[in-house]
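Here are my notes on the model you sent. Please read them with the structure open.

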Amino acid sequence: MNRRFDPSGPLRGSLRAPGDKSMSHRAALFGAMCDEPVRVTGYLEAADTYSTLNAVRACGALVEEGADRGTLTIRGAGLRAAAEAHIDVGNAGTLMRLAPGWLAGQPGGEWSFDGDASIRRRPVDRVAIPLRQMGAWIETTDDRFAPFTVHGMPLRGIEYELPVASAQIKSCVLMAGLLASGTTTVIESEPSRDHTERLLARAGVRITRDGDRIELTQHDELELGDIHVPGDPSSAAFHIAAAILVKGSRIVITDMSANWTRTGFVRIAERMGAVVIGDLEKPNPGTIARDEPVCEVDVASGPLKGTTVEPHEVPLAIDELPLVALLGCFAEGETVVTGAQELRVKESDRIATVVDGLRGLGAHIEATEDGFVVTGNGGLRGGTLEAHGDHRLAMLGAVAGLASRDGVEVVGMDAAAVSYPGFESDLASLLKPT
Ligand SMILES: O=C(O)C1=C[C@@H](OP(=O)(O)O)[C@@H](O)[C@H](O)C1
Ligand SMILES: C=C(OP(=O)(O)O)C(=O)O
């Protein structure tokens, strides 16, 4: 499906972005690991998180969708009692990397995993390696890809230093640690999103953080009660970027996650000169919070200057880096992103697709091995941008179109439904004269 996004007038008004995708995946998985019912509000209704609901149903959980949007009751399968199943993860890397952590420690069970063409290109050895060290039996395709099979085995705790700053690997090892004998320790050299740690702490697990070491011990039963999923800062970031770039804009995003590990994009944009006002969480090293903070952010358009994004900032803004490249096109001077080689193994190779996509619209942008360098040249001309089946690319093209001189035709706009099916109508609501 192709869609055209013409240069627009100012964005005005307020909206709540859809439920956070990372937290929704976790609400479904951890809900399914509980014995008592878990009521979820704000759940993301999108392709990726429907895949997770189907996965937990296949593993024996009962999921009842309430009358209000995003409201669910999950009646779990229990921590050790998942039914054997084939799990179709669709396009969802998070589901593919987290679910094996729950299942690998359930002896006697067998779970097969597969997904779409994009998922078959994304590595799973990153979770299979630590799980095997814990005693798991996992058969992968070509040693590192889906389709793959998890055979449940008794596990033992390990100390694992993450080779890449990835919340998915961290979460998988911690989830496996719940069923493993002894202590499981994950060492992360750079902080990444911490929703798993927060949920585990809330569920009564003895989990601690000491500097970059996160430790937990085997656990019998998770108890979660109610979970509210706030709006997704990664989805909100598209509207925030549009409001920063289109002159005269002023928007408010309500009920957005203020979690420090998720708001790196706002901090980068502010450093570039953007005005984004909100009560964002401050870093809190050494402790694991139980709750997920929520905020309202108020965004106005304004001039930008280039910046350098350092490797330690990358995990805190990983899915928003395509938008940093877009802001860079409108900024004075150079915008450089370093230490972001992980972008190459997302839904598309996001270094290649962002660089080719924006260059086709008139950007001065060069790919590097681990990021890109953009030289601002007064904005973008416009043209055609191919989404390559990647939801973030499709939405990037839309925002680029509004801020461009001649408009942008996005090829494959339907990809947005992976994380944000209502994206076009939400954007349109901000473009109505108020
Ligand atoms: O844990 C998560 O929910 C996610 C972690 C990130 O991936 P990595 O852990 O591979 O960096 C991110 O890109 C993805 O959209 C969601
Ligand atoms: C990389 C992403 O998600 P996942 O890894 O879950 O497919 C994303 O949403 O940008």
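1. S166 sits in the loop between β11 (159–161) and α5. Helices (H or I, at least four residues) and strands (E, at least two) are DSSP runs, numbered from the N terminus. S166 is buried, because 22 C-beta neighbours lie inside 10 Å. The cut-offs are these: buried means 20 or more other C-beta atoms within 10 Å of the residue's own, exposed means 12 or fewer, and partly exposed is in between, with C-beta atoms placed from the backbone. S166 touches R126 and S192, not counting residues up to four places away in sequence. Contact here means that the C-beta atoms, placed from the backbone, lie within 7 Å.

2. A word on the source. This is a predicted model, in which local features need pLDDT of at least 70 and side-chain atom pairs count only at pLDDT 80 or more, while totals for chains, interfaces and linings use all residues. Residues are numbered from 1 along each chain as its sequence is written, and chains are lettered from A and ligands numbered from 1 in the order in which they are written.

3. Positions follow the numbering used here, feature names are shortened, and annotations may be inferred rather than shown by experiment.

4. Q168 belongs to helix α5 (residues 167–177). Q168 is buried, with 23 other C-beta atoms within 10 Å. Leaving aside neighbours within four places in sequence, Q168 contacts G93, T94, R97 and L98.

5. G93 is in helix α3 (residues 93–103). G93 counts as buried, with 21 C-beta neighbours inside 10 Å. Beyond four places in sequence, the contacts of G93 are I119, R122 and Q168.

6. Where does D319 lie? D319 is in the loop between β20 (308–309) and α9 (321–330). UniProt marks D319 as "active site" in an unreviewed entry. D319 is buried, because 23 C-beta neighbours fall inside 10 Å. Apart from residues up to four places away in sequence, D319 touches S234 and R392.

7. K346 lies in the loop between β21 (334–337) and α10. K346 counts as buried, with 20 C-beta neighbours inside 10 Å.

8. Why is helix α10 (residues 350–359) described as largely enclosed by the rest of the structure? Because seven of its ten residues are buried. They are R350, I351, T353, V354, V355, G357 and L358. The cover over the buried residues of α10 includes α9, β22 (364–368), β23 (371–375), β24 (383–386) and α11 (391–403).

9. Please check the packing of helix α7 (residues 233–245) on α11. The angle is about 15°, and the axes are 9 Å apart. Axes are lines fitted to C-alpha atoms, for helices over the stretch in contact, and angles run from 0 to 180 degrees between N-to-C directions. α7 and α11 are therefore roughly parallel to each other (angles under 35 degrees; over 145 is roughly antiparallel, 65 to 115 roughly perpendicular, the rest oblique).

10. The α7–α11 contact is made by F238, A241, A242 and L245 of α7 and M395, V399, L402 and A403 of α11. By class, the contact has eight nonpolar, no polar and no charged residues. Nonpolar covers Ala, Val, Leu, Ile, Met, Phe, Trp, Tyr, Cys and Pro; charged covers Asp, Glu, Lys and Arg; the others, Gly among them, are polar.

Terms used:
Contact = placed C-beta atoms within 7 Å.
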